[in-house]
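Visitor: I am new to this structure. Please take me closely through one part of it: the contacts between charged side chains and between rings.

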Amino acid sequence: MQNIPSVDLRDFLSDDPVRKQKFVNEIGKAYEEIGFVALKGHFLSDHLVENLYKQVRNFFNLPLEVKEKYEIPGIGGQRGYVSFGKESAKGRTTGDLKEFWHFGQYVDNNPKLEAEYPKNVTVDELPEFNNTGKETYKMLEKTGVYVLRALALFLGLNEFYFDNYVKNGNSILRPIHYPPITNEPKDAVRAAAHGDINLITLLMGAQGKGLQVQNNNGEWIDAIAADDELVINVGDMLSRHTNNRLKSTIHQVVNPPRELWGTSRFSIPFFMHPISEMPLNCLENCIDEEHPKMYDDITAGEFLTERLIELGLIKK
């Protein structure tokens, strides 16, 4: 397999039970085997995508001292700006060659969660930036809900099993800027090999080479989506919850060939997180004699805190 499987969400949304089941089987099989798919038929319009990239470029083009105004101490980088080289992959000390922004949940009718999550940060210099981010957040979250419904059916659960866990969940939209590379990087890449923390990740901006995923033979393959596709992968929380039946695949963003060092790269992942109380205990129907329970019981909130410490984003 030189690339990742492609699926179409319109199959799942159709009134045809055969097409719906086809989608469930295709995405389930892909996540058992490689943990990644390219997805057509999502809820992002071309206009919204175009506008978001425009706003994101405008933000990262602001002077550094303006961007740094929006770097909020004490919240582990969960909202606002995170400056270049701050984040490193688990197990690495070298910072990745990127800067990024975080939009978080827009809590609906839940004062407890509103108090728990950091507030979203407003960029005064760009009046459209925050509204465009919010609209994108909502459309990616809506897409993710349907993907999780398909996976619930694939796992033999109620179709709506994940709905209440992801409603008002701790999800993050992260526009990333990989700036031009000016000097030979000693030990740094744009994003070192890692697995994602969350349930699923929905990625915009995988249209060019750069993102690579590791297949079952340990080989790196390019994950390149068509213009109208999102790349969606399984995160560690979902892998753990399914006792590793669905694979959280190691992936990386490699540095471009030297002739392209002078170019920026933008990518925009949406990390779909549940509410903190969600138990990530291995599902009973994913445990049998051949597949004994692999993980201790833990909640999503506890797991997230562990991982943010490992990434260097919060201190013990």
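Guide: A salt bridge here is a side-chain nitrogen of Lys or Arg within 4 Å of a carboxyl oxygen of Asp or Glu. K40 and D228 form one, with their closest N and O atoms 3.2 Å apart. Keep in mind that this is a predicted model.

The K40 and D228 pair links distant parts of the chain. K40 sits in strand β2 (residues 36-40). D228 sits in the loop between β10 (220-222) and β11 (230-234), and the two are 188 residues apart. K40 is partly exposed, at a relative accessible area of 24%. D228 is partly exposed as well, at 39%.

The structure holds 18 salt bridges. Another of them joins the side chains of E32 and R245, at 2.8 Å from N to O. E32 lies in helix α2 (residues 17-33), and R245 in the loop between α8 (236-241) and β12 (251-253), so this pair ties together parts that are 213 residues apart in sequence. E32 is partly exposed, with a relative accessible area of 28%. R245 is partly exposed, also with 28%.

K69 and E125 form a salt bridge too, with 2.7 Å between the closest N and O atoms. E125 is partly exposed, at 33% relative accessible area. Salt bridges can also share partners: D11, R19, K22 and E26 are joined into one network that way.

Now the rings. The structure holds 15 aromatic pairs. One of them is F59 with W101, edge-to-face, at 4.9 Å centre to centre and 65° between the planes. F59 belongs to helix α3 (residues 46-60) and W101 to strand β4 (residues 99-102), 42 residues apart. F59 counts as buried, at 0% relative accessibility. W101 counts as buried, at 0%.

Y161 and Y165 have ring centres 5.7 Å apart and planes at 70°, so their pair is edge-to-face. Y161 is partly exposed, at 24% relative accessible area. Y165 is partly exposed, at 24%.

Back to F59 and W101: ring pairs link them into a cluster with F60, Y70, Y81, F103, F129 and F266.

Last, charges over rings. R174 lies over the face of F100, at 3.8 Å from the ring centre. R149 lies over the face of Y146, at 5.0 Å from the ring centre.

Methods. Residues numbered from 1 in each chain as written. Predicted model: local features only at pLDDT ≥ 70, side-chain atom pairs only at ≥ 80, totals over all residues. Heavy atoms only, no water. Helix = DSSP H or I, 4+ residues; strand = E, 2+ residues; numbered from the N terminus. Buried < 20%, exposed > 50% of the residue type's maximum accessible area, 1.4 Å probe, protein only. Phe/Tyr/Trp six-rings, centres within 6.5 Å; stacked < 30°, edge-to-face > 60°. Lys NZ or Arg CZ within 6 Å of the ring centre and 35° of its normal.
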